[in-house]
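Me: Could you go through this one with me, one spot at a time? I'll ask as I look.

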Amino acid sequence: MHPFTTRILTFACLFASLLATTFFTAPARGQYDPHPADVGYQQDYRNQFHFSPKTEWMNDINALIYADGKYHMLYQWGKAIRHGGYATSPDLLHWNDRGVALIPQESFLPAEVKRNVSGAQVYSGSGVLISGQTAEKITGSTAEAMVMIYTGTKSGTCLAWSNDGGESWHDYPGNPVANRTQGADPRDPCVIYHQPTQSWVMALYENGTTFYGSNDLVNWKKLSNIDFGFECPDLFELPLDGNPDQMKWVLHDANGSYLVGQFDGVRFTPEQDVLVMDVGPDFYAGQTFFRPNLPSGDVIQIAWNDHWNGGIGESPWERNATFPVKIGLVTYNGKMRVTRTPIRRISDLYETTLAWKNETIGPKTSSNQVLSGVQAEAFDLTATFDLNETTAKRVTFQIANKEITYDIEAQTLLGKPLRPDANQQLTLRMLVDWSTLEIFAAGGVFSYSEQFAFTPDDESVAVFTDGGQVKLKSLELHPIKSIW
């Protein structure tokens with residue numbers, strides 16, 4: 001694909017020797033920044049339109065906030081000791097990795113800024129936007145401020161804030177504000193503003209999911225508990241089938257398991273059994289943007305593109321984020337189902353469009369091959385097949401060293417159940433990057449996320465059957481420009 005640039009040393013040895021005894025947030029962006037200025041973003045397996053950190057390890061998305069005309073993302077950074085990594089974007093497409101915002105004391109800090117407060121690592125959380133009296137209580141000013149609510153291991157639920165557009169981040173001096181603990185549990189606070197009750201609500205991974213309420217983000221009281229969820233809860237409201245008179249709440253966990261039902265600001269009442277929003281091997285800790293001031297008003301989600309599966313040997317960074325998607329809720333096969341659909345602005349990254357209509361797909365040995373001669377490594381592909389009267393049992397996309405097969409008889413894609421629609425039409429959409437495969441079907445009800453090592457230097461793309469024929473109604477392939 002592309003030659004490795006000179007590898008930048010990771011900080012594993014440094015982290016292994018650190019003794020984290022408190023939390024600290026960098027007083028100015030760029031100070032104490034462990035990231036080098038430029039890493040090239042051309043290493044093998046470095047995704048070209050999915051966010052990844054410049055160097056080192058990333059995992060859970062921790063806070064997604066829109067403020068000052070920018071999208072802000074805090075994320076878990078650092079393998080041996082978790083920090084709060086920080087990135088910004090003007091459009092949810094192009095990301096600027098700003099380094100580290102939340103830093104355990106002993107990491108990269110000069111002696112004069114260390115403090116003597118007990119603590120350990122910065123674990124997962126969420127983010128909100130505040131102003132007025134709430135902001136004044138936390139920051140000392142009524143000015144608008146971003147707040148990250150995170151788990152301080154061996155401490156509890158903590159706050160960090162910025163009221164200068166993310167240029168500096170500060171810990172709230174009264175930390176922890178809730179859930180004092182001697183270890184990492186309870187953890188992963190998701191905080192939303194519940195408009196009907198005019199209060200802040202926290203969903204916490206604690207004996208399932210426990211809900212807390214607050215008027216100021218500082219003082220919290222327990223509201224209720226539900227026996228559901230493992231790590232990183234998220235909570236949001238959506239119109240069912242686009243009907244504003246049929247509003248439903250969705251509660252999901254790190255694995256993408258979710259409940260749909262009602263939430264009154266105190267208790268969550270499920271209305272159906274647990275379902276899963278992504279069936280791939282590498283979806284974890286999805287989080288949605290703080291919604292009240294989001295320009296689109298949509299529920300926009302970004303997740304970690306891994307599920308503790310060991311990686312693919314990428315360096316000098318490890319792991320990346322999924323592409324931003326819009327979350328919806330539809331009735332599908334008698335169930336209320338979450339949908340995941342790539343945000344429309346992805347089209348801003350298209351280099352060109354290659355299109356085919358009303359073709360016949362045959363075996364690999366056919367002389368007339370759709371996609372013949374196409375070379376692409378990062379692209380958005382959508383194909384619709386007519387499965388009526390097909391003589392094929394399987395149809396396969398081969399992308400470099402990866403085969404993506406739909407079994408027409410078994411009605412499975414990559415072994416996962418996926419039925420065609422009532423007219424026997426099947427539409428597949430694939431986002432392919434240098435080490436990421438995301439597939440969407442059934443209007444977004446089917447979602448599949450995988451980290452995969454596409455062979456470097458292999459830009460081949462093909463589609464074929466196992467021997468019979470299948471009708472291809474349409475296929476569009478959009479090569480995607482690098483965001484770096």
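Reply: C232 lies in the loop between β13 (221–226) and β14 (234–240), strands being DSSP runs of E of at least two residues, numbered from the N terminus. Before going on: this is a predicted model, in which local features need pLDDT of at least 70, side-chain atom pairs count only at pLDDT 80 or more, and totals for chains, interfaces and linings use all residues. Residues are numbered from 1 along each chain as its sequence is written, and side-chain values use heavy atoms, with hydrogens and water left out.

Me: OK, what about the phi of C232?

Reply: C232 has a positive phi of about 45 degrees although it is not a glycine. Most residues other than glycine have a negative phi, and most peptide bonds are trans.

Me: And is C232 buried or exposed?

Reply: C232 is buried, with a relative accessible area of 8%, where buried means under 20%, exposed over 50% and partly exposed in between, using a 1.4 Å probe and protein chains only.

Me: What's going on at Q411?

Reply: Q411, also not a glycine, has a positive phi of about 55 degrees, and its place is the loop between β27 (402–407) and β28 (412–413). Q411 is partly exposed, its relative accessible area being 28%.

Me: Which residues does the cis bond at P316 join?

Reply: The cis peptide bond joins S315 and P316, with omega about 15 degrees, and P316 sits in the loop between β20 and β21. Another cis peptide bond joins N175 and P176, where omega is about -5 degrees; P176 is in the loop between β9 (170–171) and β10 (187–194).

Me: Switching to N305, where is that?

Reply: N305 is in the loop between β20 (299–304) and β21 (317–318), and N305 is buried, with a relative accessible area of 0%.

Me: What does its side chain make a polar contact with?

Reply: The side chain of N305 makes a polar contact with the side chain of T436 at 2.8 Å, meaning a pair of N or O atoms within 3.5 Å, one able to donate a hydrogen and the other to accept it, with residues adjacent in sequence counting only if both atoms are side-chain atoms. A polar atom of the N305 side chain also lies 3.1 Å from the backbone oxygen of D282.

Me: Last topic, which residues touch the most other members of the largest nonpolar core?

Reply: F49 and W95 do, in a core of 53 residues, a nonpolar core being a set of buried Ala, Val, Leu, Ile, Met, Phe, Trp, Tyr and Cys residues joined through side-chain atoms within 4.5 Å. Apart from that core lies another, of 38 residues, among them Y406, L418, L472 and L475.

Conventions:
Helix = DSSP H or I, 4+ residues; strand = E, 2+ residues; numbered from the N terminus.
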